[in-house]
Amino acid sequence: MSGVGDLLGRILPVFAVIAVGVVAGRFERFGERTATVLNDLVYWVALPALIFTSVAGADLSAGIPGSALVATIAVLLVAYALGRLAARLARRPRGEANAAGLVAAWGNVGYLGIPLTVAVLGPATAFAASLTSTLHTALAIGVFLVVATLHGRGRGEEGAVALPLLLARRVLGNPVVLGIGAGAVVALAGVPLPRPVATTIAMLGDLAAPGGLFALGILLRSAVGALREARAQWVPIAAAVLIKLVGMPLLALAAVAWLDVPAPWAAVLVVMCALPDAATVFVLTAQYRTWYRESTAVVVLTTVLSLLTLPVVLLVLP
């Protein structure tokens, strides 16, 4: 299957599950309470299981080239900073700006990124794609959690907790971070899990994408209605979409050229940076009750527009 065909084959089901959620959301039994329960299921159970499975199955022994590591970190941090800056210039609160930075910098690197990279660049890129995806996820979530913790510092009982301890509790105690850490331990140990255990975790992980997308669909109607009444929010939304689909791949192209990132890491990084947002950004922002309605709009817009931008990126890969 061609790269564009594979892209369509993976993006169209995303819209289908969102559409089912939108239809279900018209009925009382599938209201916002259902979306909240689904979101909790994905955040606390399915997403950590999905990420654990991905990391645990990776061969970490070869490591990642230093230039690829620096380029990946630099591009993501710059994209995050740009998204946050755009939101602050639009006079959004710091908490919302932090979420806008996350949405601008963290793409669908797991469900879409790894399969698309392998389909376009070949099976030999699977290792680079897996490690790049893991690094993106860990860094994006880590930055978001650290900044969110610093913003909330001094409120309630947390003000009496030492800052290093509070950061460790928030970051290291996050279920997604725990999934990454546990997966890395298993991968480095090189000892496969018993099949029943691995299958159980994989089954739970399979709930992440459909569960998050279905919850997003339930909230989409109310989110669009709320955003129509708050048009000032469309400035940071538009900025996040532009940064994610245009700015981030351009930053990646510049970084891999300047740092002389070797193949196939250079091409893999560019593809990963050009991806649309996943439902996971909605899941995370909804947990913190900040900018989550806006993130639903960004997920839908970037997914639609990526049908135009991703083929162009695939044509100019280094």
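Guide: Let us begin with burial. A residue is called buried under 20% relative accessible area, exposed over 50%, and partly exposed in between, with a 1.4 Å probe and protein chains only. Here, buried residues account for 49% of the 318 residues in the chain. Please note that this is a predicted model, in which local features need pLDDT of at least 70 and side-chain atom pairs count only at pLDDT 80 or more, while totals for chains, interfaces and linings use all residues. Residues are numbered from 1 along each chain as its sequence is written, and side-chain values use heavy atoms, with hydrogens and water left out.

Visitor: How many helices and strands does the chain have?

Guide: Helices (H or I, at least four residues) and strands (E, at least two) are DSSP runs, numbered from the N terminus. By that reading, the chain has 14 helices and 0 strands.

Visitor: How many residues of helix H12 are buried?

Guide: Helix H12 (residues 265-273) is mostly covered, with 9 of its 9 residues buried. Among them are Trp265, Val268, Leu269 and Met272.

Visitor: With which residues is Thr132 in contact, leaving aside its neighbours within four places in sequence?

Guide: Contact means heavy atoms within 4.5 Å. Thr132 belongs to helix H6 (residues 126-152), and beyond its neighbours within four places in sequence it touches Trp265, Val268, Leu269 and Met272. Thr132 is itself buried, at a relative accessible area of 2%. For the chain, 84% of the contacts between residues at least 6 apart in sequence join residues at least 24 apart.

Visitor: How many aromatic pairs does a search of the whole structure find?

Guide: Rings of Phe, Tyr and Trp (its six-membered ring) pair if their centres lie within 6.5 Å; planes under 30 degrees apart count as stacked, over 60 as edge-to-face, and the rest as tilted. The search of the whole structure finds 3 aromatic pairs. One of them, Phe30 with Phe214, is edge-to-face, at 6.0 Å centre to centre and 75° between the planes. This pair links distant parts of the chain, 184 residues apart: Phe30 lies in the loop between helix H1 (3-24) and helix H2 (32-56), and Phe214 in helix H10 (residues 208-229). Phe30 is partly exposed at 31% relative accessibility, whereas Phe214 is buried at 17%.

Visitor: Why is the pair of Tyr43 and Trp44 edge-to-face?

Guide: The ring centres of Tyr43 and Trp44 are 5.2 Å apart and their planes stand at 90°, so this pair is edge-to-face. Tyr43 counts as buried, at 4% relative accessibility.
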